[in-house]
Amino acid sequence: MPKVKVGENAPDFTLQNQDGTPVSLSDFKAKNNVVLFFYPKDFSPGCIKQVCSFRDSYEDFTEHGAVVLGVSSDSIASHKQFLDAHGLPFTLLSDPQGTIRSLYGATKAFGLVPGRYTFIIDRTGKVRHIFTSETNMQKHIDEALRVLREIGT
């Protein structure tokens with residue numbers, strides 16, 4: 001169960017992206033809606049499917065004024081390789097200690113691996129939707145776009 005709830009302000013954080021550049025959630029406040037998704041591990045089959053689904057719908061996200069941020073505990077170097085290997089047009093953030101995952105309550109799936117969670121955060125910084133599914137990767141995209149349509153650009 002996520003610690004962050006719909007209607008609450010999303011906790012701010014700063015993590016390094018695939019290039020080692022610090023990125024803060026607050027960088028997007030008042031400018032963009034944010035699709036923040038947590039995934040288990042670079043280069044695992046399910047994660048490849050998930051990030052490629054986000055990649056393939058990226059234009060739909062940008063048309064709705066959203067930025068996409070993926071978070072896992074993988075290293076900056078791993079994220080860079082993963083991004084390059086799959087032509088990902090969005091940012092991957094390294095959370096090596098799982099601090100932000102814990103802050104958001106994106107807990108372990110089946111008690112074993114980090115879970116797949118997607119948080120939709122509007123321009124005011126409020127969490128508008130939370131979705132989790134370990135097996136239905138496309139539903140993460142469908143749910144995010146549905147909520148972004150409701151929010152508007």
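Me: Which residues does Asn33 touch, not counting residues up to four places away in sequence?
Reply: In this predicted model, Asn33 lies in strand 3, which spans residues 33–38, and Asn33 is buried, with a relative accessible area of 0%. Leaving aside residues up to four places away in sequence, the residues that Asn33 touches are His64, Gly65, Ala66, Val67, Ile121, Asp122, Arg123, Leu148, Ile151 and Gly152.

Me: Which backbone nitrogen does the side chain of Asn33 reach, and at what distance?
Reply: The side chain of Asn33 comes to 3.4 Å from the backbone oxygen of His64, a residue that Asn33 also touches. On the nitrogen side, the backbone atom that the Asn33 side chain reaches belongs to Arg123, at 3.3 Å.

Me: How many of the residues of strand 8 (residues 117–121) are buried?
Reply: In a regular strand, side chains alternate between the two faces of the sheet. In strand 8, Tyr117, Phe119 and Ile121 point one way while Thr118 and Ile120 point the other way, and all are buried. Strand 8 is therefore largely enclosed by the rest of the structure, the number of its buried residues being 5 of the 5.

Me: What positive phi does Gly125 have in the turn of the hairpin?
Reply: The hairpin is formed by strand 8 and strand 9, with 5 residues between them. Gly125 lies in the turn, and its positive phi is about 95°.

Me: What is the angle between the planes of Tyr104 and Phe119?
Reply: A search of the whole structure finds 13 aromatic pairs, and Tyr104 and Phe119 form one that is 5.1 Å centre to centre and edge-to-face. The pair links distant parts of the chain, with Tyr104 in helix 4 (residues 99–104) and Phe119 in strand 8, 15 residues apart. Tyr104 is buried at a relative accessible area of 0%, and Phe119 likewise counts as buried at 0%. The angle between the planes of this pair is 75°.

Me: Why do the buried residues of helix 3 lie on the same side?
Reply: The buried residues of helix 3 (residues 76–86) are Ser78, His79, Phe82, Leu83 and His86. They lie on the same side of helix 3 because the arc that they cover around the axis is only 130°.

Me: Which elements do the buried residues of helix 3 pack against?
Reply: Among the buried residues of helix 3 is Phe82, which also belongs to one aromatic cluster with Phe37, Tyr39, Phe43, Phe54, Tyr58, Phe61 and Phe90. Just after helix 3, Gly87 takes a positive phi of about 60°. The elements against which the buried residues of helix 3 pack are helix 1 (45–56), strand 4 (66–72) and strand 5 (91–94).

Me: How many disulfides does the count come to?
Reply: A disulfide requires two cysteine sulfur atoms within 2.5 Å, and by this rule the count comes to 0. Cys47 is in no disulfide, its nearest cysteine sulfur being that of Cys52, 11 Å away. Cys47 is buried at a relative accessible area of 1%, and Cys52 counts as buried at 12% relative accessibility.

Note on methods: Residues numbered from 1 in each chain as written. Predicted model: local features only at pLDDT ≥ 70, side-chain atom pairs only at ≥ 80, totals over all residues. Heavy atoms only, no water. Buried < 20%, exposed > 50% of the residue type's maximum accessible area, 1.4 Å probe, protein only. Helix = DSSP H or I, 4+ residues; strand = E, 2+ residues; numbered from the N terminus. Arc of directions from axis to C-beta. Contact = heavy atoms within 4.5 Å. Polar contact = N/O pair within 3.5 Å; in protein donor to acceptor, adjacent residues only side chain to side chain. Pairing = 2+ DSSP bridges. Phe/Tyr/Trp six-rings, centres within 6.5 Å; stacked < 30°, edge-to-face > 60°.
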